Amino acid sequence: MKAVAAPEGDFKVPRAASVLRHSVTESIRNAILVGRFRPGERLPERELCEMTGVSRTLVREALRQLESEGLIHVIPHRGPVVDRLLPEQAEGIYQVREELEGLACQLFAEHASEAQRKALQEAFQALKRAMTHGTALERLTAKNFFYQQLLDGAGNEALTTTLRLLNSRVMLLRSTSMQAPGRARKSVAELADVMEAVAARDGKAARKAGSLHVRNAAKVAIEVLRQANDAALEESSAAS
């Protein structure tokens, strides 16, 4: 396989004690999401300490949190390894996302306040800039922030809680789909349709556009995962 260039991004974390543990976890999570550590790859503690600038104790706490989120798993005598999401698992997550995120778009269109609509529009403009000029991490951060604003305006606590349970794997799939050539541009165009329906306060159209966006992302991400898994199997067979 061809060597992959290390993604851009500064993974050092701030030293404030009150936020340090969260910051370390977020830093390692982001490094996984943008591909600095790839599926099946080990996460050496020494390298993580150097990357984040913190102690092994904090790194180990962060790894336990990421294991609970399903981003990594620990192999006896080998240590923590980035989890490899199977296409079948991704398909199930996307089925849930299509229903829930479509509903979020509908609820936002029908119930969001003017301040929430303005915040979503600003988040969408930031997303467009990131998709055009940003790094992989900046694009992912902007996409996640857009969805945070969408969920805030949807005003359904159960919906938000359910999606947050899937949050790390949802972010991983967003990152996966955006790897495909041309997907970022298409993603912005699809979300522009959501924004148009939101502006018209058309809940049904917003739901339809939001669901279509997730379906299109699913097709791309699942194909990327299939290709990656096939390559991993070939590499494993060649090594054995």
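The exercises below, with worked solutions, concern a predicted model.

**Exercise 1.** State which domains the chain is assigned and how much area is buried between them.

*Solution.* 
1. The domain assignment of the protein chain lists domain 1 (15-82) and domain 2 (87-235).
2. Taken over C-alpha atoms, the centres of domain 1 and domain 2 are 25 Å apart.
3. Contacts between the two involve seven residues of domain 1 and eight residues of domain 2.
4. About 730 Å² is buried between domain 1 and domain 2, and carbon and sulfur atoms give 65% of that area.
5. Of the area that domain 1 buries against domain 2, 59% comes from Leu33, Val34 and Leu71, more than from any other three residues.

**Exercise 2.** Describe the lining of the second largest pocket by residue, helix and domain.

*Solution.* 
1. The second largest pocket holds about 460 Å³ of space.
2. Its lining has 21 residues, and Asn144, Gln148, Asn167, Met171 and Arg174 lie nearest the centre.
3. By class, the lining residues are nine nonpolar, six polar and six charged.
4. At least two lining residues come from each of helices H1 (17-33), H4 (87-111), H6 (136-154), H7 (157-165) and H8 (167-177).
5. H6 contributes the most, with nine residues.
6. Domain 1 (15-82) and domain 2 (87-235) each provide at least three residues of this lining.

Conventions: Residues are numbered from 1 along each chain as its sequence is written. This is a predicted model: local features need pLDDT of at least 70, side-chain atom pairs count only at pLDDT 80 or more; totals for chains, interfaces and linings use all residues. Side-chain values use heavy atoms; hydrogens and water are left out. On a 1 Å grid over the protein atoms alone, a cavity is a set of points where a 1.4 Å probe fits but cannot get out, and a pocket is an open set with protein on both sides within 12 Å along at least five of seven lines; lining residues have an atom within 4 Å of a point. Grid points are joined across faces, edges and corners, and a volume is the space filled by probe spheres set on the points. Helices (H or I, at least four residues) and strands (E, at least two) are DSSP runs, numbered from the N terminus. Ala, Val, Leu, Ile, Met, Phe, Trp, Tyr, Cys and Pro count as nonpolar, Asp, Glu, Lys and Arg as charged, and the others, Gly among them, as polar. Domain bounds come from an automatic or database domain assignment. Contact means heavy atoms within 4.5 Å. Buried area is the accessible area (1.4 Å probe) that two parts lose on being put together, summed over both.
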